[in-house]
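Me: I would like to learn how to read helix packing and a nonpolar core. Could we go through a case step by step?

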Amino acid sequence: MNRYARYALRIASLAVALGLWQLLTAQDIDLWLRFSQFPTVTDVAHTFADRLAGPDYWTDLTDSLTRILTGFLLAAVLGVATGVLVARSRLAEDLLGPVLEVIRPIPAIALVPVAILLFPSNEQGIVFITCAAAFFPVLVSTRHAVRALTPVWEEAVRTMGGGRWRVLGSVVLPGALPGVFGGLSVGIGVSWICVISAEMISGQYGVGYRTWQDYTVVDYPGVFVGMVTIGVLGWLTSTAVELLGRRLTRWLPRTAYVPTARPKPARTGAPPSPARAAVRKDTRAHPEEARDEHLVRD
């Protein structure tokens with residue numbers, strides 16, 4: 001399947017999902033799920049068009065993007081640095097490891113009261129929650145990626161006279177990049193979940209704040225506009241992280257799916273080739289070499 005066929009298939013799947021949504025809501029289908037309570041696709045589209053024409057939508061969009069990018073960039077820098085430090089230094093692992101492992105299971109959204117008490121403004125608290133949400137996925141993936149590096153590469157650099165910083169820049173960071181970007185991809189998604197939740201609780205502007213306000217005034221098309229906006233923004237940012245990761249790891253070997261050929265049926269009645277007959281004769285004298293017979297080709 002070529003690239004254009006795959007794009008067409010993706011667009012078709014999205015169109016089918018929207019068509020099913022429109023059918024279930026327009027016909028007020030109530031079997032077990034109550035689709036009659038949902039707005040139709042056309043209602044959401046009209047509300048979306050009205051929001052795009054006003055200034056509030058773009059203000060909310062700008063505020064949410066500013067918060068997510070600030071918190072995520074801080075988490076990326078701190079997570080990578082801490083992950084490398086913990087993976088490379090036993091002292092750092094002993095000092096920071098217990099504290100990090102105790103804090104890591106706490107959901108970032110549970111830190112909202114801490115952020116309200118700790119920071120002088122709601123804006124700084126939301127950025128803190130966003131950073132905390134992405135920090136631990138980046139930290140864990142970086143730590144595992146650094147520990148998984150083969151020591152032969154480091155030994156080769158040290159043999160050629162490279163020092164600690166040379167090893168870090170030539171071996172550790174490039175070798176850990178695939179794992180780092182795996183953590184970044186997870187972190188950006190978790191960051192969106194937490195920033196929207198934080199905006200609903202303590203924000204004044206933002207997509208999450210506007211979505212919650214629409215819910216409180218029973219504006220369900222507006223709620224779905226916020227949900228669609230969050231989904232599109234999350235998809236775009238995660239795609240950007242993935243594309244950046246692919247560009248920075250172009251030196252890695254890429255694998256593509258290749259359908260395996262159907263094995264040919266064994267020929268019956270045909271005499272064995274001279275090479276195969278010689279191998280069979282030799283394996284009678286040396287039974288331990290019989291397992292290598294399949295390496296011979298006619």
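Predicted model: local features only at pLDDT ≥ 70, side-chain atom pairs only at ≥ 80, totals over all residues.

Me: At what angle do the axes of α6 and α8 cross, and how close do they come?

Reply: The axes cross at roughly 155 degrees and come within 7 Å. Angles over 145 degrees count as roughly antiparallel, so α6 is roughly antiparallel to α8.

Me: How do the residues of the contact of α6 with α8 divide by class?

Reply: There are 17 nonpolar, nine polar and one charged.

Me: What are the angle and the axis distance for α3 and α10?

Reply: Helix α3 (residues 55–88) packs against helix α10 (residues 220–248) at about 40 degrees, and their axes are 12 Å apart. The crossing of α3 past α10 is right-handed. From α3, Tyr57, Leu61, Leu65 and Phe72 make the contact; from α10, Val225, Thr229, Leu233 and Val241 do. By class, seven of these residues are nonpolar, one is polar and none is charged.

Me: Which residues have the most contacts inside the largest nonpolar core?

Reply: A core is read by its members and by the elements that supply them. Here the largest one has 47 residues, and Ile129, Leu184 and Trp192 have the most contacts inside it. Two or more residues each come from α3, α5 (112–118), α6 (122–147), α8 (164–202) and α10. The largest share, 13 residues, is from α8.

Me: Which residues does Trp192 touch, leaving out those up to four places away in sequence?

Reply: Trp192 touches Ser64, Leu65, Ile68, Leu233, Gly234 and Thr237. Of these, Leu65 and Leu233 also belong to the contact of α3 with α10.

Methods. Residues numbered from 1 in each chain as written. Heavy atoms only, no water. Axes fitted to C-alpha atoms, helices over the stretch in contact; angles between N-to-C directions. Helix = DSSP H or I, 4+ residues; strand = E, 2+ residues; numbered from the N terminus. Left-handed = near helix turned anticlockwise from the far one by under 90°. Contact = heavy atoms within 4.5 Å. Nonpolar A, V, L, I, M, F, W, Y, C, P; charged D, E, K, R; others polar. Core = buried A, V, L, I, M, F, W, Y, C linked by side-chain atoms within 4.5 Å. Buried < 20%, exposed > 50% of the residue type's maximum accessible area, 1.4 Å probe, protein only. Parallel < 35°, antiparallel > 145°, perpendicular 65-115°, else oblique.
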